Amino acid sequence: MAPIPGSGLAKGLAVTLRTMTRKSVTEQYPDAQPELAPRTRGVIGLFEENCTVCMLCARECPDWCIYIDSHKETVPAATPGGRERSRNVLDRFAIDFSLCMYCGICIEVCPFDALFWSPEFEYAETDIHELTHERDKLREWMWTVPEPPALDPGAEEPKELAAARKAAEKLAAAEQLAAEERAAAERHAAADRPAPEEPAAGRSATGQPAAGDRPDGTRGDGKPAAGGPPAGEPPAGPGSPDERSSGEGGTA
Ligand code: SF4
Ligand code: SF4
């Protein structure tokens, strides 16, 4: 059947009209930053503390663009009579992003969660050698790695979190027990401590005459002070009859 004249033009105009009424998907980058999906594969970050230099990522990388250097170090035995251990120490970890095809295999196979995707993508270079990111730069990318999404409601607690929570609870219980033991020891020490001695009669605690004592040997209430002359009798001194008599005898 022969095509109707002008049907092709009508179809083309229909496509134009349909497209004109749709929302534009053009990103105004770099004037506006694009809204990226949370799991965007921008660049790979390295969390060095988790890396045990097992070399799995380098072995599995289909592009052979992960470079790892390490050396062995001997760790002394933790207990007397124990065995020395050797461990790998990372010397170099680099990824050549000019070769990487962003397949994510290295991140998937890492058994120790040392590699993560970051959505950062603005690291174009004019020199291709600059696209080999060494460990310092890979570590810097870790700051741009988004937080993992929240767990589904009712999901099992991750074993790392459960272990950390149990350790924290154990530590808190041990600290509380130690504080209680310290308090009990202080209470016992206070109970065993001898009571301070009562000051001697007529003396204050400092050994000075009591505040109420008078020079004539009586107290403020008229009673004789301990060791003093009876009330009513003049105190022995230069003016006493004994002295006066001895004084007279001396001068006679
Ligand atoms: S993303 Fe793929 S190609 Fe890139 S470094 Fe990892 S394993 Fe290699
Ligand atoms: S797989 Fe993970 S732990 Fe092993 S070398 Fe690679 S980054 Fe390090």
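UniProt places the feature "binding site", from an unreviewed entry, at Cys 51, Cys 54, Cys 57 and Cys 110. They spread over 60 residues of sequence but cluster in space, with a largest C-alpha distance of 10.5 Å. The UniProt positions follow the numbering used here, feature names are shortened, and annotations may be inferred rather than shown by experiment. This is a predicted model: local features need pLDDT of at least 70, side-chain atom pairs count only at pLDDT 80 or more, and totals for chains, interfaces and linings use all residues. Residues are numbered from 1 along each chain as its sequence is written, while chains are lettered from A and ligands numbered from 1 in the order in which they are written.

The residues around ligand 2 are Cys 51, Thr 52, Val 53, Cys 54, Met 55, Leu 56, Cys 57, Ile 68, Cys 110, Phe 112, Ala 114 and Leu 115. Such a residue has its C-beta atom, placed from the backbone, within 6 Å of the molecule. By class, this shell has 11 nonpolar, one polar and no charged residues. Here Ala, Val, Leu, Ile, Met, Phe, Trp, Tyr, Cys and Pro count as nonpolar, Asp, Glu, Lys and Arg as charged, and the others, Gly among them, as polar.

## Cys 51 and Cys 54

Cys 51 sits in the loop between strand 1 (43–46) and helix 2 (56–60). Cys 54 is found in the loop between strand 1 and helix 2. Helices (H or I, at least four residues) and strands (E, at least two) are DSSP runs, numbered from the N terminus.

Cys 51 counts as buried because 20 other C-beta atoms lie within 10 Å. Cys 54 has 16 C-beta neighbours inside 10 Å, so Cys 54 is partly exposed. The cut-offs are 20 or more other C-beta atoms within 10 Å for buried, 12 or fewer for exposed, and in between for partly exposed, with C-beta atoms placed from the backbone. Leaving aside neighbours within four places in sequence, Cys 51 contacts Leu 46, Leu 90, Phe 93, Phe 112 and Ala 114. A contact has the two C-beta atoms, placed from the backbone, within 7 Å.

## The site at ligand 1

Ligand 1 has 13 residues around it, of which Cys 61, Cys 100, Cys 103, Ile 105 and Cys 106 come nearest. The shell divides into 11 nonpolar, one polar and one charged.

Cys 100 lies in the loop between strand 3 and helix 3 (105–109). With 20 C-beta neighbours inside 10 Å, Cys 100 is buried. Cys 100 touches Asp 63, Cys 65 and Ile 95, not counting residues up to four places away in sequence. Cys 106 is in helix 3. Cys 106 is buried, with 22 other C-beta atoms within 10 Å.

Three strands form an open antiparallel sheet in the order 2-3-5. Strand 2 (66–75) and strand 5 (132–133) are the edges, each pairing on one side only. Pairing needs at least two DSSP bridges between two strands. Strand 3 (residues 85–96) and strand 5 pair over two bridges. Asp 96 has Thr 132 in strand 5 as its bridge partner.

Helix 5 (residues 159–192) has 34 residues and reaches 49 Å from its first C-alpha to its last, close to the 50 Å expected. The expected span is 1.5 Å times one less than the number of residues. Helix 5 is hardly covered: its count of buried residues is zero.
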